[in-house]
Amino acid sequence: DEYFSLLFKLDLDCNKSEEFFEIIIQSVVWGIKHPDKSISKTSLKILLIMFEQVKILNIGNYFYSKFIQQLLVDLLFVIMDKLHTSNIKLQCNAFFQLVYQSKNFINIKHLKEYIEVVLNKALPDLNKKKIENITFNFINSKTLNDFESDFKKLIKITDDIWQDNSSSQ
C-alpha cells in the first residue's frame, strides 16, 4: 500500500523519460488487476488522478496515443472479472473518463474499433450488433450517469454469459 501511496505523489511529466512514464502506467494497471480490494481501489483512484493530470499538463496526445489500447483491455478485463466486483463504481468512472477524455485525442472511429475488438475477444458469444450498440452508447455518453446505465448493461450481459457457460459444463 505504501508503494501506491508513492505513486499518488509522483509527477507525471512524460518528458522525464518514456520508460519512467511506462513504469508508472504498468504499476497502476498491475494494481487495478490485483485481487486485494484496497490495492485495486487505490490504483483506480490513481488512474483517475492520472487522467486529470494528463488534462492539466496538456499531454493527452502522448498519453492516449501511447496507452489507450492497453488501458481499454485492462479495464475491461477487470470489469468483466468476477474477482473485482467490489470496486465497480470506480471501474465505471475510470472507464468513462478513459473513453470520454480520449475522444479529444484519438480518432473516434479508431476508439470505436478498439473497444469493439476488446469486447469481441472478451465476449465471443455476443453478436456483433450488440457489441456495436454497446460501443456506440459508451462513446456517445456525455455524463457518468448515462455511461453507468450502459455499463450496467455490459455487466448484466457478462453475468448472463458466465451463468450460461457455467451451467453448460
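Select asparagine 87 first: setting aside neighbours within four places in sequence, its contacts are Lys37, Ser40, Lys41 and Leu44. The model on screen is a predicted one. Asparagine 87 sits in the loop that runs between helix H4 (60-79) and H5. With a relative accessible area of 9%, asparagine 87 counts as buried, because the cut-off for that word is under 20%.

Next, select residues 88-102. This is helix H5, made of 15 residues. From its first C-alpha to its last, H5 reaches 21 Å, close to the 21 Å expected at 1.5 Å a residue. Now colour H5 by accessibility. Twelve of its 15 residues are buried, so H5 is largely enclosed by the rest of the structure. The buried residues of H5 include Leu90, Cys92, Phe95, Phe96, Leu98 and Val99, and also Gln91, Asn93, Gln97, Gln101 and Ser102.

The axes of the two helices come within 11 Å and cross at roughly 155 degrees. H4 is therefore roughly antiparallel to H5. The crossing of H4 past H5 is left-handed. To see the contact, show side chains on both helices. On H4, the residues that make it are Tyr64, Ile68, Leu71, Leu72, Leu75, Leu76, Val78 and Ile79. On H5, they are Ile88, Gln91, Ala94, Phe95, Gln97, Leu98, Val99, Gln101 and Ser102.

From that list, pick phenylalanine 95 of H5. Not counting residues up to four places away in sequence, phenylalanine 95 touches Leu72, Leu75, Leu76, Ile79, Phe138, Phe147 and Phe151.

For the last stop, go to helix H3 and select isoleucine 49. Is isoleucine 49 buried or partly exposed? Its relative accessible area is 36%, and isoleucine 49 is partly exposed. Alanine 94 belongs to the buried residues of H5, and Ala94 takes part in the contact with H4.

Notes: Residues numbered from 1 in each chain as written. Predicted model: local features only at pLDDT ≥ 70, side-chain atom pairs only at ≥ 80, totals over all residues. Heavy atoms only, no water. Helix = DSSP H or I, 4+ residues; strand = E, 2+ residues; numbered from the N terminus. Expected span 1.5 Å × (residues − 1). Buried < 20%, exposed > 50% of the residue type's maximum accessible area, 1.4 Å probe, protein only. Contact = heavy atoms within 4.5 Å. Axes fitted to C-alpha atoms, helices over the stretch in contact; angles between N-to-C directions. Parallel < 35°, antiparallel > 145°, perpendicular 65-115°, else oblique. Left-handed = near helix turned anticlockwise from the far one by under 90°.
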